[in-house]
Amino acid sequence: MSETTAGTGASYAAAGVDIEAGDRAVELMKEWVKKTQRPEVAGLGGLGGFAGLFDASALKRFERPLLASATDGVGTKVDLARQLGVYDTIGHDLVAMVMDDIVVCGAEPLFMTDYICVGKVHPERVAAIVKGIAEGCVLAGCALVGGETAEHPGLLGPDDFDVAGAGTGAVEADRLLGPDRIRKGDAVIAMASSGLHSNGYSLVRHVVFDRAKMTLDQQVEEFGRTLGEELLEPTKIYSLDCLALTRTTDVHAFSHVTGGGLAANLARVIPDGLHATVDRSTWAPGAVFDLVGKAGQVERLELEKTLNMGVGMIAVVPEDSVDVALATLADRGVESWVAGEITDRGDHATGAELVGDYAK
């Protein structure tokens, strides 16, 4: 190659991938990842290795350990974070979507990995996303053992990004929760959501932006804050609250209310022959659900199939365990109430339904 042509060939950097920026992002996120360490990961390589490590000898305390795994993302909510320039909360959503699925079977969250895909690596932005994931892992009681940041120039715009994660938990085989434990007469306990959580944002964005012509910086009296602040409210992480419940009461099942809504997700843990009836009059959905319904002229059943309507997690417990369950959740600052009961299936076509009208 002659001197006149040196440096003009193709390169990774010329294609839009900045390896040095990626290395800086790793350095910035290390302090946050360190905060999530459990004893099982201390001293095992740290961030930057090819694989995250977890000392499986910790499972010796189980008689017959079952591993539970889940993977998820946060959907189009990431676009709101991008528009608002707020990157340190979306990680809470990611951890909640993964670890609250894992705890449904009674499993203790152990560790998590993340995947962050960006159009261009902005080190401080990536570090802020990981900060949120790490904070979420602390709230869920799990370790963040590794992850991947991928730069996709040409496929994503320079400010575009997406996140996904995978987690692992463990549960004693004879303490596995699920449909086989549920009995007629059990109570359905609802735990309040922190807002929309991370489902239904395609509908929500269509309603507030395309139909209602609202803006993210618009003050909404019913929210007591801006539309953007309400829509970006992080998903509540229930993992440690649910585990506390399993230690104080005879929990039969949990149901994480995500895509599909309350009835559909609750039906997933109801056995053949039984039916869950949830009374809408036991709670009033928050103002954001009312806004989406009215602004978009969305029918109630469509709202309920798409949004959580104010309930983020369900616990099914024996009737004689209700008082202890409610007290346990209250002590942990979780708003909860008896929302329904388990009855015979009868002529019901599905395993769960909502009845009555919401409280005002």
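**View 1. The lining of the largest cavity in this predicted model**. A cavity here is a set of points, on a 1 Å grid over the protein atoms alone, where a 1.4 Å probe fits but cannot get out, and lining residues have an atom within 4 Å of a point. The lining comprises four nonpolar, one polar and four charged residues. (Ala, Val, Leu, Ile, Met, Phe, Trp, Tyr, Cys and Pro count as nonpolar, Asp, Glu, Lys and Arg as charged, and the others, Gly among them, as polar.) The volume is about 40 Å³.

**View 2. Helices H5 and H9 crossing**. Here the axes of H5 (residues 201-211) and H9 (residues 287-295) come within 9 Å and cross at roughly 60°. That angle makes H5 oblique to H9 (angles under 35 degrees count as roughly parallel, over 145 as roughly antiparallel, 65 to 115 as roughly perpendicular and the rest as oblique). Val204, Val207, Val208 and Arg211 of H5 meet Leu291, Val292 and Ala295 of H9, where contact means heavy atoms within 4.5 Å. By class, six nonpolar, no polar and one charged residues take part.

**View 3. Helices H7 and H11 packing**. H7 (residues 239-248) and H11 (residues 322-331) pack at about 140°, their axes 10 Å apart. Asp241, Ala244, Leu245 and Thr248 from H7 meet Val324, Ala325, Thr328 and Leu329 from H11. This contact has five nonpolar, two polar and one charged residues.

**Notes.** Residues are numbered from 1 along each chain as its sequence is written. In this predicted model, local features need pLDDT of at least 70, side-chain atom pairs count only at pLDDT 80 or more, totals for chains, interfaces and linings use all residues, and side-chain values use heavy atoms, leaving out hydrogens and water.

Key: On a 1 Å grid over the protein atoms alone, a cavity is a set of points where a 1.4 Å probe fits but cannot get out, and a pocket is an open set with protein on both sides within 12 Å along at least five of seven lines; lining residues have an atom within 4 Å of a point. Grid points are joined across faces, edges and corners, and a volume is the space filled by probe spheres set on the points. Axes are lines fitted to C-alpha atoms, for helices over the stretch in contact, and angles run from 0 to 180 degrees between N-to-C directions. Helices (H or I, at least four residues) and strands (E, at least two) are DSSP runs, numbered from the N terminus.
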